[in-house]
Amino acid sequence: MPAFTIDGVRLVGLATAVPGTRAQVQPTSAVPAEDLAKIMASTGVRGRHVAGADICTSDLCAAAAERLLERLGWERASVDLLIFVSQTPDYVLPATACSLHGRLGLAKSCAAFDINLGCSGYVYGLCVAAGLMQSGSARRALLLVGDTISKVVSGDDRSVAFLFGDAGSATALETSGSGRMHFVTGTDGSGAGHLQIPAGMFRAPSSEVTRLAHKGEGGNMRSAEQLCMNGPEIFNFTIREVPAMISAVLQGAGWNMEQVDGFVLHQANKFMLDYLAKRMRLPPEKVVLALENYGNTSSASIPVALCESMRERLARAPAKLVLAGFGVGFSWAAVAIEVDCPHIEPIITL
Amino acid sequence: MTRKNYFLLLDELVENDLGTITGTENLTDIPKWDSLAVIGFIALLDQHFAVSVPAVKIIACRTVDDLASLVADKLTD
């Protein structure tokens with residue numbers, strides 16, 4: 001999988017927002033205390049922020065965007081492009097990007113659209129935004145990425161109940177003569193069924209049957225309108241594709257591992273990240289782990305990790321980063337990007 | 001790798017005292033053989049044998065000997 005390069009775009013700002021409600025990992029009828037310790041050790045998650053019924057992904061992204069626009073001093077009319085990446089949109093239609101465009105008071109000349117991706121979504125979003133900007137169609141872009149997966153997870157499904165948290169992010173991109181990003185992207189659609197919500201849309205419309213919880217493998221209770229995750233097959237996929245992807249993006253950038261200041265991988269779970277880091281012989285001090293208090297925030301996990309764990313480092317000096325998203329689809333994308341002291345906000349709590 | 005050492009790795013994976021597994025055990029009788037252990041087993045296959053086995057084949061195994069058969073060509077007695 002060869003890398004490709006997009007020139008002329010810089011990442012100049014980043015903000016993330018999480019719901020104020022915290023959910024600690026605690027025993028339930030489905031997961032007694034003696035099993036919980038092992039789950040926590042494997043996932044690395046001690047608590048998450050979860051959105052109530054009154055908070056959607058778009059609210060988290062809008063809060064992050066408002067903070068970022070203010071801090072950067074960007075005139076709203078100067079934003080040419082808004083991309084919303086999420087698998088938990090406000091509505092089937094219209095695109096949530098359009099409603100966010102209205103909420104943020106952007107100009108009519110601004111393009112706005114959604115991308116439906118999860119784990120790989122942040123990097124794909126960077127790729128699409130930067131690619132459009134390189135064409136000359138936009139000078140400034142807001143990339144809004146987030147998910148509220150906790151809303152579609154069964155509390156009686158031990159494979160996912162304590163894993164997912166909610167978050168939304170806003171990334172500011174600007175054209176610049178000095179910007180350069182190297183990308184690797186890929187897809188394996190044969191894995192589509194291993195991480196999905198099987199019903200509730202048009203292939204299998206919502207019904208009394210699809211809303212009913214039933215016992216699945218391992219005794220996990222969930223309905224067809226809740227997240228179903230085949231952890232072992234997803235792990236097989238990550239071992240198969242992620243090391244090659246990281247290797248390819250480093251080669252594309254002409255970097256060796258020692259030159260990289262931070263490897264920010266999709267924060268799927270601790271066991272997976274630790275294993276991937278060991279397998280790829282990544283310097284452990286450079287592999288960001290930011291799951292403990294936020295969980296797996298799906299498409300927002302990379303921006304959450306950057307804000308949580310690299311904010312101070314990125315403020316001090318230019319940095320070479322490898323960002324890698326992989327998962328639902330199966331879909332994957334990595335970018336080797338050099339940033340020059342972008343404005344990174346502390347995580348906002350609504 | 002010898003079968004004996006393979007079983008020691010499995011002992012470690014399911015938090016047994018080393019030397020507990022002999023090969024004839026039913027996986028349902030091993031308390032810590034759960035979904036997390038299956039993921040750990042996938043890592044074990046990758047790390048020690050550079051082998052990838054579809055999860056459905058692992059889940060179809062009924063005994064420890066079945067798990068050994070997944071890498072039979074890489075084990076010696």
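## A word on helices first

Helices here are DSSP runs of at least four residues, numbered from the N terminus. By that count, Ser42(A) sits in helix H1 of chain A, which covers residues 33-43. Please keep in mind as you look around that this is a predicted model.

## Around Ser42(A) and Phe271(A)

Ser42(A) has a relative accessible area of 17%, so it counts as buried, the cut-off being under 20%. Setting aside residues up to four places away in sequence, Ser42(A) touches Asn269(A), Lys270(A) and Phe271(A), and it also reaches Leu36(B) in the other chain.

Phe271(A) belongs to helix H6 of chain A, residues 270-279. With a relative accessibility of 29%, Phe271(A) is partly exposed. Beyond its neighbours within four places in sequence, Phe271(A) contacts Ser42(A) and Phe235(A), along with Ile39(B), Gly40(B) and Ala43(B). Phe271(A) also lies 7.6 Å from Gly44(A), C-alpha to C-alpha, although 227 residues separate the two in sequence.

## Where helices pack

Two packed helices are described by the angle between their axes and the distance between the axes. Take H5(A) and helix H2 of chain B (residues 35-49): their axes come within 9 Å and cross at roughly 25°. That angle makes H5(A) roughly parallel to H2(B). The crossing of H5(A) and H2(B) is right-handed. On the H5(A) side, Gly231(A), Pro232(A), Phe235(A), Asn236(A) and Ile239(A) take part, and they meet Val38(B), Ile39(B), Ile42(B), Ala43(B) and Asp46(B) of H2(B). Sorted by class, this contact between H5(A) and H2(B) has 7 nonpolar, 2 polar and 1 charged residues.

H2(B) also packs against helix H1 of chain B (residues 3-13), at an angle of about 145° and with the axes 10 Å apart. The crossing of H1(B) and H2(B) is right-handed. H1(B) brings Tyr6(B), Leu9(B), Leu10(B) and Leu13(B) to this contact, while the residues from H2(B) include Phe41(B), Leu44(B), Leu45(B) and Phe49(B). The contact of H1(B) with H2(B) has 9 nonpolar and 2 polar residues, with no charged ones.

## The nonpolar cores

The largest nonpolar core has 79 residues, and those with the most contacts inside it are Phe263(A), Phe326(A), Tyr6(B), Leu10(B), Trp33(B) and Leu67(B). Helix H5 of chain A, residues 231-253, gives the most to this core, with 11 residues. A second, separate core has 47 residues, including Ile6(A), Met181(A), Ile337(A) and Ile347(A).

## Backbone spots to look at

Most residues other than glycine have a negative phi, and most peptide bonds are trans. The peptide bond from Leu93(A) to Pro94(A) is cis, with omega near 5°; Pro94(A) lies in the loop between strand E4 (81-85) and helix H3 (96-104) of chain A. The bond from Gly329(A) to Phe330(A) is cis too, with omega near -15°, and Phe330(A) is in the loop between strands E13 (319-327) and E14 (331-339) of chain A.

Ser298(A) is not a glycine, yet its phi is positive, at about 55°. This serine is in the loop between H6 and helix H7 (301-309) of chain A, and Ser298(A) is buried at a relative accessible area of 6%. Cys341(A) has a positive phi as well, near 50°. Cys341(A) lies in the loop between E14 and strand E15 (343-344) of chain A and is partly exposed, with a relative accessible area of 33%.

Terms used:
Residues numbered from 1 in each chain as written. Chains lettered and ligands numbered in written order. Predicted model: local features only at pLDDT ≥ 70, side-chain atom pairs only at ≥ 80, totals over all residues. Heavy atoms only, no water. Core = buried A, V, L, I, M, F, W, Y, C linked by side-chain atoms within 4.5 Å. Buried < 20%, exposed > 50% of the residue type's maximum accessible area, 1.4 Å probe, protein only. Helix = DSSP H or I, 4+ residues; strand = E, 2+ residues; numbered from the N terminus. Contact = heavy atoms within 4.5 Å. Axes fitted to C-alpha atoms, helices over the stretch in contact; angles between N-to-C directions. Parallel < 35°, antiparallel > 145°, perpendicular 65-115°, else oblique. Left-handed = near helix turned anticlockwise from the far one by under 90°. Nonpolar A, V, L, I, M, F, W, Y, C, P; charged D, E, K, R; others polar.
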